[in-house]
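This report describes a structure from the whole fold down to single residues. The sequence and the model are shown first.

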Amino acid sequence: VKYAFEKRWIGPEMRVAAGAVLGAALLAAGARFDRRRMRALGQGLMGGGLAILYLSFFASFTFYRLLPQPAAFLAMAATTAVGVTLAVLHDAPAVSVLAVIGGFLTPILLRTGVDARDALFGYVMVLDFGVLGAAFFRRWRALDTLAFVGTAALYAAWFDRFYAPPAMLPAMLWLGAFFLVFLL
């Protein structure tokens with residue numbers, strides 16, 4: 001495969017497509033092995049499938065410029081949703097942790113250098129609701145902490161890079177909204 005890449009027999013489009021197909025196949029195989037009571041193998045394959053999907057969509061935007069940033073962002077967000085859903089369905093907390101970390105890394109990996117405060121915090125709010133819902137449903141308290149740390153880190157990174165005094169009101173409103181979500 002490496003030789004085919006170097007000789008340009010396999011172009012960027014095929015690399016990304018092969019990664020997406022391989023990632024989806026690993027997710028399906030992992031779910032199948034988990035149903036057959038081979039939990040370690042199943043969860044390992046699901047985790048590997050999620051990692052490959054994240055890497056494929058990241059590469060499609062960052063390295064190859066095949067997808068625009070919004071499309072790559074939606075694909076990575078969908079990967080997070082699929083990962084958390086599979087984790088809940090298969091009672092796989094390790095898979096959920098990987099999916100949540102990927103969800104919080106998505107805006108960092110696909111950043112453009114432009115202040116998109118409301119889009120970023122809207123995404124984080126939706127992600128928090130999904131993660132906290134899964135944590136409540138399955139009683140995975142570690143996800144609560146992971147969501148809080150991820151939210152605080154993204155907010156602090158935005159604040160450090162983009163905050164200016166005219167943005168005080170929206171910044172405080174978003175901070176208050178996050179506080180209410182975690183308070184509940």
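Helices (H or I, at least four residues) and strands (E, at least two) are DSSP runs, numbered from the N terminus. The model is predicted, so local features need pLDDT of at least 70 and side-chain atom pairs count only at pLDDT 80 or more, while totals for chains, interfaces and linings use all residues. Residues are numbered from 1 along each chain as its sequence is written, and side-chain values use heavy atoms, with hydrogens and water left out.

**Overall fold**

The protein has eight helices and zero strands. Its C-alpha trace spans about 55 × 40 × 20 Å along the principal axes. Of the 184 residues, 39% count as buried; buried means under 20% relative accessible area, exposed over 50%, and partly exposed in between (1.4 Å probe, protein chains only). Contact means heavy atoms within 4.5 Å. Among contacts between residues at least 6 apart in sequence, 66% join residues at least 24 apart.

**Largest pocket**

A pocket is found on a 1 Å grid over the protein atoms alone, as an open set of points where a 1.4 Å probe fits, with protein on both sides within 12 Å along at least five of seven lines; lining residues have an atom within 4 Å of a point. Grid points are joined across faces, edges and corners, and a volume is the space filled by probe spheres set on the points. The largest pocket has a volume of about 520 Å³. It is lined by 19 residues, of which Pro 107, Arg 111, Val 114, Leu 120 and Phe 162 are the closest to its centre. Helices α4 (69–89), α5 (93–109), α6 (117–138) and α7 (141–162) each supply at least two lining residues, and α7 gives the most, with five. The lining has 12 nonpolar, three polar and four charged residues. Here Ala, Val, Leu, Ile, Met, Phe, Trp, Tyr, Cys and Pro count as nonpolar, Asp, Glu, Lys and Arg as charged, and the others, Gly among them, as polar.

**Nonpolar core**

A nonpolar core is a set of buried Ala, Val, Leu, Ile, Met, Phe, Trp, Tyr and Cys residues joined through side-chain atoms within 4.5 Å. The largest one holds 43 residues, and Phe 104, Leu 110, Phe 121, Val 124 and Phe 178 touch the most other members. Two or more residues come from each of α3 (39–62), α4, α5, α6, α7 and α8 (168–183), with α6 giving the most, 10 residues. Beyond its neighbours within four places in sequence, Phe 121 is in contact with Tyr 155, Trp 158, Trp 174 and Phe 178.

**Individual residues**

| Residue | Relative accessibility | Class |
|---|---|---|
| Asp 34 | 7% | buried |
| Gly 83 | 0% | buried |
| Arg 8 | 72% | exposed |
| Arg 37 | 76% | exposed |

Asp 34 lies in helix α2 (residues 12–35). Its side chain makes a polar contact (a pair of N or O atoms within 3.5 Å, one able to donate a hydrogen and the other to accept it; residues adjacent in sequence count only if both atoms are side-chain atoms) with the side chain of Arg 39, at 3.4 Å.

Gly 83, in helix α4, is in contact with Leu 50, Val 95 and Ala 99, leaving aside neighbours within four places in sequence.

Arg 8 lies in the loop between α1 (2–6) and α2 and has a positive phi of about 60° although it is not a glycine. Arg 37, in the loop between α2 and α3, has a positive phi near 70°.
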